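Please take a moment with the sequence and the 3D structure below before reading on. The paragraphs that follow lead through the charged pairs, then the domains, and then the backbone.

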Amino acid sequence: MASVLVVEDDQFVRSALIRHLTEASHTVRSVGTALEALREVAHFRFDVVILDLGLPDLDGSEALKMLRGITDVPVIIATARDDEAEIVRLLNDGADDYLTKPFSVEHLSARMAAVLRRARAAAGEAPPSSLLQVGGLTVDPLRRQAELDGVRLDLTRREFDLLAFLAGRPGVVVPRKELLAEVWQQSYGDDQTIDVHLSWLRRKLGETAAKPRYLHTLRGVGVKLEPPQ
């Protein structure tokens, strides 16, 4: 069973996908726009996203790039477009697979299973690592879980990656360029991406930029995580 986000504006196609995936015992959430999809992945964990390209507010190819800025969840493109050059570009931009409409539910199930196998195999390749402890904050990189004062934190994948990276370097000021390279796997990017994730992370840690407890931003230098004074 997987947690699936369906991003599809065609109500008939959307309903059919929801019915099929639910019958296959998957947990399904669905939206009809790119902005709704971005909000969903920012606040909920998903195992896979099925993304249509012809969305009413933003082309799916742009939505894919924005999704990749905040999550590494596997994305399967589902669209009527069949241009080979575009398929190659989408795969290079971070899509994990591509389905051309119309497709059968059996075909979708097989592609989903393959993508999920690859994602779970990649997660299983991570070497065992010990718990990271910073004050009342505990981060388990192997299980990808974090707790604050014994309470489990509900983090997106990218939020967890950011927190774990900083928790592995307590008290060290990490430059934004290093965060982009290590957490987002990008050699360059928009600082706003980091700021947005720090804001979400602070909210879940029960703090603000004006009154930080764990996360401290040094303007023009970088970010550090340290236990409250």
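**Salt bridges and domains**

The structure holds 18 salt bridges, a salt bridge being a side-chain nitrogen of Lys or Arg within 4 Å of a carboxyl oxygen of Asp or Glu. This is a predicted model, in which local features need pLDDT of at least 70 and side-chain atom pairs count only at pLDDT 80 or more, while totals for chains, interfaces and linings use all residues. Residues are numbered from 1 along each chain as its sequence is written, and side-chain values use heavy atoms, with hydrogens and water left out.

Side chains of opposite charge can pair when their charged atoms come close. Glu8 counts as buried at 3% relative accessibility, whereas Lys101 counts as partly exposed at 22%, where buried means under 20% relative accessible area, exposed over 50%, and partly exposed in between (1.4 Å probe, protein chains only).

Another salt bridge joins the side chains of Asp96 and Arg68 at 3.0 Å, N to O, and it links Asp96, in the loop between helix H4 (84-92) and E5, to Arg68 in helix H3, 28 residues apart. Helix H3 is mostly covered, since eight of its eleven residues are buried, and Arg68 is one of them.

The protein is divided into domain 1 (2-123) and domain 2 (132-225), with bounds that come from an automatic or database domain assignment. Their centres, taken over C-alpha atoms, are separated by 27 Å, and the contact (heavy atoms within 4.5 Å) takes 13 residues from domain 1 and 14 residues from domain 2. Between them the two domains bury about 1100 Å², 38% of it on carbon and sulfur atoms; buried area is the accessible area (1.4 Å probe) that two parts lose on being put together, summed over both. Three salt bridges are counted between domain 1 and domain 2. On the side of domain 1 that touches domain 2, helix H2 (34-43) and helix H3 (60-70) each supply at least two residues.

**The backbone**

Most residues other than glycine have a negative phi, and most peptide bonds are trans. Against that background, a cis peptide bond joins Lys101 and Pro102, with omega about -5°, and Pro102 is found in the loop between strand E5 (97-100) and helix H5 (105-124). Ser25 has a positive phi of about 75° although it is not a glycine, and its place is in the loop between helix H1 (11-23) and strand E2 (27-31). Arg144 also has a positive phi, of about 55°, and lies in the loop between strand E7 (137-140) and strand E8 (145-148).

Definitions and conventions: Helix = DSSP H or I, 4+ residues; strand = E, 2+ residues; numbered from the N terminus.
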